[in-house]
Amino acid sequence: MARQQERARRTRAAIIKSAAVEFGKSGYAAASLNRILEGSRATKGAMYFHFDSKEDLARAVLETAVERYRICAERWLARADLGPLDVLHGMVDEIALRLEHDTIVQAEYRLVIEPDFHRDTGNGGGRIVGRATRVLAVRAIDHGQLRADADPDRFTRTLSAALAGQRYLVDPISNGSAADLRARFAEVLEVIVEAMATPLWIQNFRVEGWREQARLDDLGLGA
């Protein structure tokens, strides 16, 4: 029984991963269920055992991506060895890496900008990142990294919009280069942080820079 359950779990995960690749490349409307089956090496019966329709499969991809964003945010928020702004930089840097290398996260981005799933934007990974960003902004104020009069809601809204804009622009400009996206995300973060940071933090940052970056080996993209 346990072996059958594990086999079913792996089959479902393989179908979701293959669907993410297909949705990421073709979008939702043009995505082919046959290509998804070929990529997953699953049977049509197995696919319909786990998923009722293409929309159901797309929502499974979205849910998987949201879970990855949640794990990412929780892991960075738990870092007690870094200041809040360095934690924020690490989280933003990991998101840039995932947008380049994680097919599930890539598919979520592609799906939520399409009319069929645009209503899901507010419940996607961006919401999780926004909540974590606000927590870190409040921590940064408490730690004297952001000014006492800084507005954490304004900080969060501005950063979230700027990162989304850079993600939108990077595809046609640089064919989705991870190095370019990471550099653009870091640049956005630095501009917004320096506009609200304390003079002492800015002085130290210009000497030391960011203390932490995400590492591809830590992302667990094999699943």
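Which helices each supply at least two residues of the lining of the largest cavity? The views below take up this point after the overall fold.

View 1. From the N terminus on, the elements run α-α-α-α-α-α-α-α-α-α. Helices (H or I, at least four residues) and strands (E, at least two) are DSSP runs numbered from the N terminus. Along the principal axes, the C-alpha atoms fill a box of roughly 60 × 40 × 30 Å. Residues are numbered from 1 along each chain as its sequence is written. In this predicted model, local features need pLDDT of at least 70 and side-chain atom pairs count only at pLDDT 80 or more, while totals for chains, interfaces and linings use all residues; side-chain values use heavy atoms, with hydrogens and water left out.

**View 2. Residues 9–69, which UniProt annotates as "domain: HTH tetR-type" (unreviewed entry).** This span is 80% helix and 0% strand, with its end C-alpha atoms 21 Å apart. The UniProt annotation "DNA-binding region" (unreviewed entry) covers residues 32–51. Residues 32–51 are 75% helix and 0% strand, and their end C-alpha atoms lie 15 Å apart. UniProt positions are in the numbering used here, feature names are shortened, and annotations may be inferred rather than shown by experiment.

**View 3. The crossing of helix α1 (residues 2–26) and helix α4 (residues 54–77).** The two axes come within 9 Å and cross at roughly 95°, so α1 is roughly perpendicular to α4. Axes are lines fitted to C-alpha atoms, for helices over the stretch in contact, and angles run from 0 to 180 degrees between N-to-C directions; 65 to 115 degrees counts as roughly perpendicular, under 35 as roughly parallel, over 145 as roughly antiparallel and the rest as oblique. From α1 the contact (heavy atoms within 4.5 Å) takes Arg 12, Ile 15, Ile 16, Ala 19, Ala 20 and Phe 23, and from α4 Lys 54, Leu 57, Ala 58, Ala 60, Val 61 and Thr 64. By class, these residues are nine nonpolar, one polar and two charged. Ala, Val, Leu, Ile, Met, Phe, Trp, Tyr, Cys and Pro count as nonpolar, Asp, Glu, Lys and Arg as charged, and the others, Gly among them, as polar.

**View 4. The crossing of helix α5 (residues 84–101) and helix α6 (residues 103–112).** Here the axes come within 6 Å and cross at roughly 90°, which makes α5 roughly perpendicular to α6. Arg 98, Leu 99, Glu 100 and His 101 of α5 meet Thr 103, Val 105, Gln 106 and Tyr 109 of α6. The contact has three nonpolar, three polar and two charged residues.

**View 5. The largest pocket, with a volume of about 550 Å³.** On a 1 Å grid over the protein atoms alone, a pocket is an open set of points with protein on both sides within 12 Å along at least five of seven lines, a cavity is a set where a 1.4 Å probe fits but cannot get out, and lining residues have an atom within 4 Å of a point. Grid points are joined across faces, edges and corners, and a volume is the space filled by probe spheres set on the points. Of the 22 lining residues, Tyr 109, Gly 125, Gly 126, Ser 160 and Ala 164 are the closest to the pocket centre. α8 gives the most to the lining, six residues.

**View 6. The largest cavity, which holds about 30 Å³ of space.** α5 and α9 (178–196) each supply at least two residues of its lining. The lining consists of His 89, Val 92, Asp 93, Arg 182, Phe 185, Ala 186 and Leu 189.
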